[in-house]
Amino acid sequence: MMSLCDMPPSNPHPLALVVDDDARLRLLARTFLEQAGLVVEEAASGEAALAAFEQRHPDIVLLDVTMPGMDGFEACAALRRLPGGDRTPIVMLTGPDDGESITRAYEADATDFAQKPLNGAILAHRVRYLLRVNSTVEALRKSEACLANAQRIAHMGNWEWNLTTQAFHLSEEGRRILGRPEPDACITHAAYLQCVHPDDQRLVKDAFDATVTQQTRLSVDHRMCGPDGAIRIVHQEGEVACDAAGRPAALVGTIQDITERKRAQEHLDFLAYYDSLTGLPNRLLYRDRLAQAVADAQRHGHLAATLLLDLDRFKLINDTLGHQQGDRLLQEVSDRLKTCVRNSDSVGRPHDNRPSPAGVRDRSASLARLGGDEFTILLNRIAGAPDAAKVARRILASLAKPFHLDGQDVFVTVSIGIAIFPLDGESADQLLKNADTAMYHAKQSGRNTYQFYSQSMNASAGERLAIENRLHKALDREEFLLHYQPLVALETGRIIGVEALVRWQHPELGLVPPMQFISIAEETGLIIPLGEWVLQQACAQARAWHEVGLAGLRVAVNLSARQFQRQNLLHVITRILLATDLNPRCLDLELTESMMMQDGESTSATLRELQALGVRLSMDDFGTGYSSLSYLRRLPLDTLKIDRSFVKDCTVNQEDATIIKAIVAMSHSLKLKVLAEGIETEDQLAFLRAAGCDEAQGYYFSKPMAAEPLTSLLKTTMLERRSSITTAV
């Protein structure tokens with residue numbers, strides 16, 4: 001037989017009073033509650049709520065905290081003073097993250113609170129739960145016999161702390177909440193505190209002590225640890241009981257397990273800030289993070305970018321394969337997008353810094369789903385527009401691979417709009433709006449591309465993309481050529497070598513300077529085949545010069561970071577030297593200072609292998625990085641090249657002159673040659689010779705030129721052995 005305490009509320013259609021001055025919210029709440037089987041009465045003010053309560057005697061009240069005239073807190077206190085008001089559940093409706101209102105709601109003796117915007121399922125569940133609890137409490141008043149069962153239903157136990165003996169008595173439900181169901185209900189207060197989570201023990205002890213010393217009402221939420229390590233969240237209420245003389249004799253109260261309620265609240269938070277399909281942040285959370293990024297950029301002078309992504313023709317895929325497969329596609333797209341953003345872009349929840357709800361797969365607000373097939377990415381503290389373009393290209397490449405859905409391959413493209421702060425907007429709303437405009441233009445441009453909002457950036461990005469596309473075909477079409485700049489020995493004035501410099505002769509663009517395509521080649525990986533071609537051509541040309549009598553002439557070739565990091569570098573160089581029959585000592589490989597300073601042991605090992613092969617090694621752009629002299633001493637180098645930035649003003653800037661002299665002295669002490677680049681005047685040449693510099697190159701001697709015209713110059717200077725630099729060159 002069902003006991004009285006197990007019965008549902010006696011009224012099969014409980015009456016709910018919804019009090020809010022906002023008619024739209026009243027309508028929304030009415031819809032949710034009527035769907036849950038409740039009858040709804042409305043009131044637009046606190047005063048109207050009091051009248052409706054006296055007339056209708058509702059089973060539960062939903063009361064907004066912010067209303068003109070009598071606000072929710074005043075109305076709650078007034079309702080409690082009406083007949084039956086002390087037993088009616090009152091749920092206060094607060095704004096999101098309004099901790100102050102939640103605290104005031106409890107102080108006004110509210111039963112519970114719910115946060116706006118309202119979630120229908122959660123609200124209906126909470127109201128039915130409170131009605132059931134309230135019905136149970138009413139049953140308890142009728143029959144003490146079902147007290148223990150009622151406490152179990154409400155997950156609430158009671159306790160008493162004897163302030164004289166320190167004995168702490170717990171009811172059966174209280175012991176169950178603590179995970180200690182043993183019949184002995186009496187422990188000490190100190191032992192009870194040991195059941196509290198270690199991080200909350202000070203909070204609970206202070207709350208109990210303050211209740212006793214100040215004779216205030218105890219109300220505290222905290223965690224309890226069971227013997228099995230399980231953690232429960234509880235709410236405790238209590239008050240002081242005095243003896244006949246009015247002295248505090250005991251503290252009596254209740255302990256309620258609110259773990260499930262907290263989990264429900266966390267789920268509400270998840271629904272408020274995260275997309276349930278992908279687990280990504282939603283529009284609300286993303287806008288919050290974008291606003292924070294804008295504030296950070298304004299404070300520190302950084303750039304930030306927002307990328308708005310829209311899948312091309314997603315509706316066709318959704319309609320063809322069905323919504324279930326469409327949802328799967330969106331999930332897999334989100335997984336790929338996660339790999340396209342850096343970990344350093346990750347940020348957490350909104351600025352309240354509360355813990356994220358369980359089950360959230362990705363807490364990065366760098367990536368969000370705005371709804372439908374729209375995603376967005378936040379890039380904070382970027383160096384410039386190319387950083388945003390790089391991420392956009394990474395996304396296009398990632399999504400270009402087929403998705404496997406329902407036994408078939410599905411291909412997806414995406415249109416991306418990019419807005420940069422502060423160039424394209426100084427607020428989160430402006431950036432999102434302008435990124436949306438740019439995304440629309442990307443679709444108009446044929447889809448599967450990205451567009452900057454700024455027209456100037458669009459032109460730059462378009463030019464870069466055009467160069468990248470043409471670069472892929474340039475090697476096959478033999479559009480590259482080498483120019484060579486002489487290297488001069490300052491002691492004799494003779495040309496002792498040349499530096500090979502790649503040029504791109506495009507049939508439409510003309511001669512494309514290296515600064516416009518080398519970085520793109522590096523980024524795309526095309527520098528690997530291009531660098532190998534340069535090595536092959538330079539070594540073959542050096543060998544050709546040797547065969548016409550220019551023996552000993554060496555050729556210098558720049559190695560890129562990508563080339564240097566490849567495991568087969570030694571094999572490639574060996575193969576080219578054998579194929580061209582070039583003496584290894586006639587090949588000079590130039591590496592930048594920053595390349596040599598990275599990954600010390602691996603770099604040193606590679607350099608030693610190259611030295612063992614017999615090639616010469618030079619450090620390019622010396623003085624512009626942060627090299628360690630002790631490390632430099634251990635590198636197997638032949639030459640240091642002084643960067644042109646020091647040479648430019650060496651005759652007028654004492655600091656540059658001092659640096660050059662120091663580099664020369666240090667290099668000679670390490671048995672290294674010194675080559676200065678960028679010499680343009682006779683005064684610079686005179687200074688460098690006086691400083692002891694060994695070799696030089698620059699426009700003063702010769703601009704880079706093709707192999708054929710350079711051959712005549714080499715024959716003149718090397719075969720006739722003229723000693724005057726100015727007359728020979």
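**View 1. Leucine 28 is partly exposed, with a relative accessible area of 36%.** Leucine 28 belongs to helix α1, residues 23-35. Helices (H or I, at least four residues) and strands (E, at least two) are DSSP runs, numbered from the N terminus. Leucine 118 stands 90 residues away from leucine 28 along the chain, yet their C-alpha atoms are separated by 8.2 Å. The structure is a predicted model, in which local features need pLDDT of at least 70 and side-chain atom pairs count only at pLDDT 80 or more, while totals for chains, interfaces and linings use all residues. Residues are numbered from 1 along each chain as its sequence is written, and side-chain values use heavy atoms, with hydrogens and water left out.

**View 2. Helix α11 spans residues 283-300.** Its 18 residues reach 25 Å from the first C-alpha to the last, close to the 26 Å expected at 1.5 Å a residue. The expected span is 1.5 Å times one less than the number of residues. At the N-terminal end, asparagine 282 caps α11, with a side-chain oxygen 3.2 Å from the backbone nitrogen of leucine 284. After α11 comes glycine 301, whose phi is positive, near 75°. Among the buried residues of α11 are Leu285, Tyr286, Leu290 and Val294, as well as Asp288 and Arg289. The buried residues of α11 pack against α10 (259-273), β12 (303-311), β13 (367-371), β14 (374-382), β17 (414-421) and α15 (428-444); contact means heavy atoms within 4.5 Å.

**View 3. Helix α12 (residues 314-321) packs with helix α13 (residues 323-338).** Two packed helices are described by the angle between their axes and the distance between the axes. Here the angle is about 135° and the axes are 6 Å apart. That angle makes α12 oblique to α13; angles under 35 degrees count as roughly parallel, over 145 as roughly antiparallel, 65 to 115 as roughly perpendicular and the rest as oblique. Phe314, Ile317, Asn318 and Leu321 of α12 meet His323, Gln325, Gly326, Leu329 and Leu330 of α13. By class, this contact has five nonpolar, four polar and no charged residues. Ala, Val, Leu, Ile, Met, Phe, Trp, Tyr, Cys and Pro count as nonpolar, Asp, Glu, Lys and Arg as charged, and the others, Gly among them, as polar.

**View 4. Helix α13 has 16 residues.** It reaches 23 Å from its first C-alpha to its last, close to the 22 Å expected at 1.5 Å a residue. Its buried residues include Leu329, Leu330, Val333 and Leu337, together with Arg336 and Lys338. The buried residues of α13 pack against β12, α12, β13, β14, α14 (385-399) and β15 (403-405).

**View 5. A cis peptide bond joins lysine 116 and proline 117.** Omega is about 5° at this bond, and proline 117 sits in the loop between β5 (112-115) and α5 (120-142). Another cis peptide bond links phenylalanine 421 to proline 422, with omega about 5°. Proline 422 is in the loop between β17 and α15.

**View 6. Histidine 57 has a positive phi, near 50°, although it is not glycine.** Histidine 57 occupies the loop between α2 (46-56) and β3 (60-64) and, at 51% relative accessibility, counts as exposed. Arginine 381 also has a positive phi, near 55°. Arginine 381 lies in strand β14 and is partly exposed, with a relative accessible area of 48%.

Terms used: Buried means under 20% relative accessible area, exposed over 50%, partly exposed in between (1.4 Å probe, protein chains only). A polar contact is a pair of N or O atoms within 3.5 Å; within protein, one must be able to donate a hydrogen and the other to accept it, and residues adjacent in sequence count only if both atoms are side-chain atoms. Axes are lines fitted to C-alpha atoms, for helices over the stretch in contact, and angles run from 0 to 180 degrees between N-to-C directions.
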